[in-house]
Amino acid sequence: MKRFASKIKWSKYTQLLKTKWSKYTQLLKTKWSKYTQLLKTKWSKYAQLLKAKGRKHAQLLVPLLSILLIAVFNLLRDPSFFSVEISKNNLDNPVLTGNLISILNGASELAVISMGMTLVTAACGGQDISVGALGTIAASVFVKILRDGQITAGTIVLAFLACCAAAMVFGAFNGTLVSVFKIQPMIATLVLFTCGRSVAYWINGGATPTIESPLINAVGSFIPGCPVPTPILIVIAVGLLLGALLRFTTLGLYTQTVGINQRAARLNGINPTLIKLASFLVLGLCCAVAGCISASRLGLINHETMLQEIEMDAILAVAIGGNALGGGKFRITGSVLGAYAIQALTITLYAMKVPSTDVKAYKAIVIIIIVVISSPVVKQAISRLWAKVKENSQKKKEVAA
Amino acid sequence: MIQRNPLKRREPLTDTILLTTISIFIFFAMYFAAMQIWGAGFLRWQRVFDMLNDNAALIIVACGLTIVMIGGGIDISVGGVISLVVMCCIVHLNSGGTILTAALLAIGIGLAFGVTQGFLISYLEIQPFIITLAGMFFARGMTTIVSVKPQKVAHEAFNALRAERIEFDALGYFTKKGKLIPARAEIGVVVALVILLLIFIMLRKTKLGRGFYAIGGNSNSALMLGVNVKRTRFISYTISGLLSGIAGFVFMMHTGAGNATNAAGAEMNAIASAIIGGTLLSGGVGNVIGTFFGVMILATINAIVTTSGLSAGAPWWQEITVGAMLCFFILLQSVVLSLRGKGGFKRMIPKWMQGSKQ
């Protein structure tokens, strides 16, 4: 009897427990579904936002991807490639050394020039091939003024201003040919490309002058007490200046407008001639900065080898950065990333003990791979393939159902 | 008032013909001025043949580039291909190859570059500048991979062919002792002139040649007219590659030696001569005859600068003069074309040059 009663009680309890349990689970389920619903809506919102942002930044995908590719390749090849050490140089300053630093440092001139090149490309739909010659002319003026007197901080600033002025004069020459006489940029700059280095040789007086001073070392390599190479700091400063110029003035917007449709820009009250000229002036300033960095880094000027073939690398940086070489929309960040990608590739090849004369061949192969992957036709083919795969999997699911 | 034959209608003056005429006129004006001022060397036919001998390879390459530029593209790999061809052929000849296989090798390398670049540019729609730039890097890099050291041809039959000259007695001159020295031309010049003629005929008379002008002028309307734009563009780059291979062989016949910096800047020289000859980089306008005179104008400028002794103490004047002349030509073209566009040019030229307006 007792036993039976306990059984009844037990069943009662279990019953109770079951109902309560089901109640709780029900509650939990509704709550869960509510939360998931909320999460889903929130997630879709975020996804949408991410997609929109992604579309905005999709241009940076190519340079970032190429940098990532090179980084992964180096990680597989030799992880010590990434090591950065602090050592003392011969002036007893603590300095950062390592492959990463030499990439950042070595690409300084290229990064600065590719910033200006992006603007010219966007405004004119063509490229300036005289940047190497222009930088050499600017550097020659810089060195000539420094050699004429004592090298102090004041004369360095003066020489820099003078070389900026010279570069702007030649930039204005290019710009006038392009904007006023409506000559294609590549042909207009062919003039300076042919004779620019000779003009620099003329300024140098037929020699390869050298400059030596601790102050020049501070500009070209390291400021005493600061472990970061100065060219990197200069690039950051130029980047910030140019970024501020594009953000706080209408130059960027106008440049895009002129690049997309010149006639429409004119009808909207923008003067395309002025905008094109301005882009060449900015490029001239960039060349002057690059020339000064290069001259103070080496401490001498050789008009034939200085900034050699940098015009090709700069155009490449603009293209890898996802900017259309036909003008229009542009992103300076993309070009700078492209410049670093090119330098990373070069340093990687050097680290693999490839002779410096052979580097070009391997570089060409990598460039072609990157460009082919990012070409519109290949992109379309891949997306078509992807759609087909998706369709097939859906069909399989349907069949299974 | 000029009597016009109604049956024989004059063709209107096109941009191509106008720009070519200007460059031909300027070449002769410059050359005759040089004859008047410096005399001596310029009075002899040998000077003209020297200019041709030195620039045979450049003429061939510039012809290929003209076709590409008429089609609205650009090919800057030509200089690299020349240096690669020279290096490969010399290594091949020195390791026991024959002249025929070397020539085939040259043509093969050129075609390989042309076909690859043409495919990537026309069918994958990648910007020509980038692809041919990569082609230039690749060719220059491969040149040093093949051989870093400068090489010299040590192949007897080839050296005999190299020394072969075509002599023109009628164009020669007499020395003070009364001995006739005939004008001498290299074999490469004949090759260059034959190629020039062939391309001239192709551009004027064949469907393909007119296709180049069509896709360069407006590729959309060319497509609607039934021109296979992609294939035409592909062929233009293939021809350019092939011609740069041949130019490499001609270059080797001229120099007989190869090093890593062979034909440095040949691409820019070729582009400059095409432009001086009246080819527009925007496409649709140009002519190989103009390009030929473009090459000759550049050669004349160089000859004048050397003869006048301007570059003796100051080597920079040579390039600065070339640059200034280039600037002058570019400006002239721009002004002429813009005046024509506004109709102002019609009033400036005599009536008989205008042609009928229908």
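Q: Where in chain A is A:K353 found?
A: In this predicted model, A:K353 is found in the loop that links α15 (332–351) to α16 of chain A.

Q: Which values describe A:K182: where is it found, and what is its phi?
A: A:K182 is found in the loop between α6 (153–179) and α7 of chain A. Its phi is near 55 degrees, again a positive value in a residue other than glycine. A:K182 has 14 C-beta neighbours inside 10 Å and therefore counts as partly exposed.

Q: How many helices and strands does chain A have?
A: Chain A has 17 helices and two strands. Its radius of gyration is 30 Å, whereas the globule rule gives 21 Å for 401 residues; the value is well over the rule, so chain A is more spread out than a compact globule. Along the principal axes, its C-alpha atoms fill a box of roughly 125 × 60 × 40 Å.

Q: What share of chain A is buried, and what share of its contacts is between residues 24 or more positions apart?
A: Of the 401 residues, 40% count as buried. Among contacts in chain A with a separation of 6 or more, 76% are between residues 24 or more positions apart.

Q: Which strand is joined to β1(A), and how do the two run?
A: Strand β1 (residues 84–88) of chain A is joined by five bridges to strand β2 (residues 94–98) of chain A, and the two run antiparallel. As one case, A:E85 has A:T97 in β2(A) as its bridge partner.

Q: Does β1(A) lie largely in the open or is it enclosed?
A: The number of buried residues among its five is zero, so β1(A) lies largely in the open.

Q: How many residues of chain A are in contact with chain B?
A: On the side of chain A there are 39 residues, and they are in contact with 36 residues of chain B. The elements of chain A that each supply at least two residues to this side are α7 (185–188), α8 (190–204), α14 (310–320), α16 (359–373) and α17 (376–400). The largest share, eleven residues, comes from α16(A). By class, the side of chain A that touches chain B has 29 nonpolar, six polar and four charged residues.

Q: Which residues have the most contacts inside the largest nonpolar core?
A: The largest nonpolar core has 204 residues, and those with the most contacts inside it are A:A167, B:I60 and B:V61. Helix α3 (residues 45–70) of chain B gives the largest share of this core, 15 residues. Leaving out residues up to four places away in sequence, B:V61 touches B:V78, B:I82, B:L243, B:S244, B:A247, B:A266 and B:A270.

Q: How many residues of helix α12 of chain B are buried?
A: Ten of the eleven residues of α12 (residues 266–276) of chain B are buried, so this helix is largely enclosed by the rest of the structure. Among them are B:A266 and B:A270. After α12(B) comes B:G278, with a positive phi near 100 degrees.

Notes
Residues are numbered from 1 along each chain as its sequence is written. Chains are lettered from A and ligands numbered from 1 in the order in which they are written. This is a predicted model: local features need pLDDT of at least 70, side-chain atom pairs count only at pLDDT 80 or more; totals for chains, interfaces and linings use all residues. Helices (H or I, at least four residues) and strands (E, at least two) are DSSP runs, numbered from the N terminus. The radius of gyration is taken over C-alpha atoms; the globule rule is 2.2 Å times the number of residues to the power 0.38. A residue is buried if 20 or more other C-beta atoms lie within 10 Å of its own, exposed if 12 or fewer, and partly exposed in between; C-beta atoms are placed from the backbone. Two residues are in contact if their C-beta atoms, placed from the backbone, lie within 7 Å. Ala, Val, Leu, Ile, Met, Phe, Trp, Tyr, Cys and Pro count as nonpolar, Asp, Glu, Lys and Arg as charged, and the others, Gly among them, as polar. A nonpolar core is a set of buried Ala, Val, Leu, Ile, Met, Phe, Trp, Tyr and Cys residues joined through C-beta atoms within 7 Å. Two strands pair if DSSP finds at least two bridges between them.
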